[in-house]
Amino acid sequence: MLRKYQTPTGSFTRKSTFFWASVGATVGLANLWQFPYIVSTHGGGLFILIYLACLLLVTLPLMVAEAALGRHARHGIVLTMAGMVKNAGCPPFWRAAGPLSVLAAFLVLSFTVVFGGIVLAYTFFGAFGRFDGLSMVSAANLLTDFVSDPNHYRPFMAWHALFLLLALAVSAQGVAAGLERAVRIIVPATLVLLLLLFALFVHFGSLAPGISKLLVMRPEQVSLASVKAALFHAFYTLGFGMGVWAVFGAYSTGHTRLKRSVLAVVLVDTLVAIIAGLMLFSVVNGSIMDGERGFSLLFVSLPVALAGVPFSQVFIALAFLLIVMIVWATTLSLLEPVVGWFREWTGAPRGWSVVFVGSAVWLAGLASLFSFNLWANYRPGGATLFRWLELVAGGILVPAVAVLLATFFGWCLTRRYATLILGAAPYFFRKLWFWVMRLVLPVVAAWVGMQYTFVSLANLCDNASSAFWCVPEEQAVPPSQPEDPDASAARPVRVTPERGELDQGQEPASESAPKQPDILYHSV
């Protein structure tokens, strides 16, 4: 018989676990390969203030709502929404928020594991000295050979499978013995390692470039594009819309203070992003970091910069071990709503549920993995399968779930019932939360989703796509405005087929390493 505050699929045993699990879910690759760039190009410290405002006024209310919903129902997002919609007598279309959340989590999880395999491989590459003496050209070649060579994709597959097995081994142990124990070790250890590396990077590098780029306020760089960048990053960096917050709320103990914990998670996530940015700017040459983000930053510029410091093998291995731990915690978080849904749907034991879900994730991940090598030239609509998976998850599913949840709280539930689910809170917070959910979030989420989707589809036309939404080349009009820095990124560094020199410009159709437009915004 279940005790109070327990769910049929398991529960946390300590009230602080919700905080550690949520930090693991929110701190992701975007903190490393996206945040430092947008801060440095949109006003430094002033942008950070704008970003915090977007977090606190727009996205935090939805995070609180999703976590409170899970705690109130003590189920995963699918059963929670089905039961809540029925009890409230609302139209059944709001139930779609549950299945769409699980689908979004599954898709994002499938390519997160692929990234995890690359990072895990690079940890061993660094430990065994693969980066010693490498130039930017050689490092770019190493990345291309590992990820994009259609004749040597099996090592990539092996690292992908190994990383997935690390996550499945934890998840199979259960909520308390597996997930809870893991996040209470992995997440604090990640923060300690981050601070250790920060001290070492600053010692061997210089903190001044990072402070200048990230903390000094530069009002002249702030524009409407800066507000848009802050809103986009705030919307996609915290991992809502995928059932993660609902399932962690369901697992939380009755003594957990959700609203305070969510606020603390938001602040820790931002602090980690700032520290990571300062680390990168302290060791990576400023001229290299200008316009640099995404794969080329983490897998080319960073190891080359660290190869020049004393004990470089240790430094590179520790740096990528830090990233492995970040992606590992994210993977465990994304896995839980999918496994929990499968158990609630089928009643299967935890072990078999993890095996089934893990197999499906592995197969779906192969679609992304092969998009970089074997299937690189298969581009329906001008995009690889990975790009379409990322676009569906980030541009359609996550914004759709956000709109459904916000309108459910703001328009379906009575104010009294919504406040009951929210729990005890100051009067001003309850009022602000309700009106944000009712009027602000539906509009913002819909706008972000449409912007993301339309800009992504427009970017596909740059690949000479013949899709129906693309303007034929002879009819295209040269743009009169500079490219939106948040819709597409600086050109990634590549190597010519002769492997002789770096090319900062156009890229051949055969090159298939992940490009920045493919990885701008997702919840990794």
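Predicted model: local features only at pLDDT ≥ 70, side-chain atom pairs only at ≥ 80, totals over all residues.
Beyond its neighbours within four places in sequence, serine 40 is in contact with Lys213, Leu214, Arg218, Gln221 and Phe281.

Aromatic rings come next, with a count of 37 aromatic pairs in the model. In one of them, tryptophan 33 and phenylalanine 115 have ring centres 5.7 Å apart; their planes meet at 80°, so the pair is edge-to-face. This pair links distant parts of the chain, as tryptophan 33 sits in helix 2 (residues 30-33) and phenylalanine 115 in helix 6 (residues 97-127), 82 residues apart. Both tryptophan 33 and phenylalanine 115 are buried.

Another edge-to-face pair is formed by phenylalanine 111 and phenylalanine 386, with 5.4 Å from centre to centre and 85° between the planes. Because phenylalanine 111 lies in helix 6 and phenylalanine 386 in helix 18 (residues 385-412), the pair ties together parts that are 275 residues apart in sequence. Phenylalanine 111 is buried, with a relative accessible area of 1%, and phenylalanine 386 is also buried, at 0% relative accessibility.

Ring pairs also build a cluster, which joins Tyr122, Phe125, Phe131, Phe146, Phe156, Phe299 and Phe320. Phenylalanine 125, a member of this cluster, has arginine 130 over its face, at 4.4 Å from the ring centre. A charge over a ring is found again at phenylalanine 232, where lysine 228 lies over the face at 5.7 Å from the ring centre.

The last element to look at is helix 16, which covers residues 312-346 and has 35 residues. From its first C-alpha to its last, helix 16 reaches 50 Å, close to the 51 Å expected at 1.5 Å a residue. Along the way there is a kink of about 25° at glutamate 336, shortly before proline 337. Helix 16 is mostly covered, with 26 of its 35 residues buried. After helix 16 comes glycine 347, and the phi of this glycine is positive, near 75°.

Notes. Residues numbered from 1 in each chain as written. Heavy atoms only, no water. Contact = heavy atoms within 4.5 Å. Phe/Tyr/Trp six-rings, centres within 6.5 Å; stacked < 30°, edge-to-face > 60°. Helix = DSSP H or I, 4+ residues; strand = E, 2+ residues; numbered from the N terminus. Buried < 20%, exposed > 50% of the residue type's maximum accessible area, 1.4 Å probe, protein only. Lys NZ or Arg CZ within 6 Å of the ring centre and 35° of its normal. Expected span 1.5 Å × (residues − 1). Bend = angle between axes of the 7 residues up to and from the residue.
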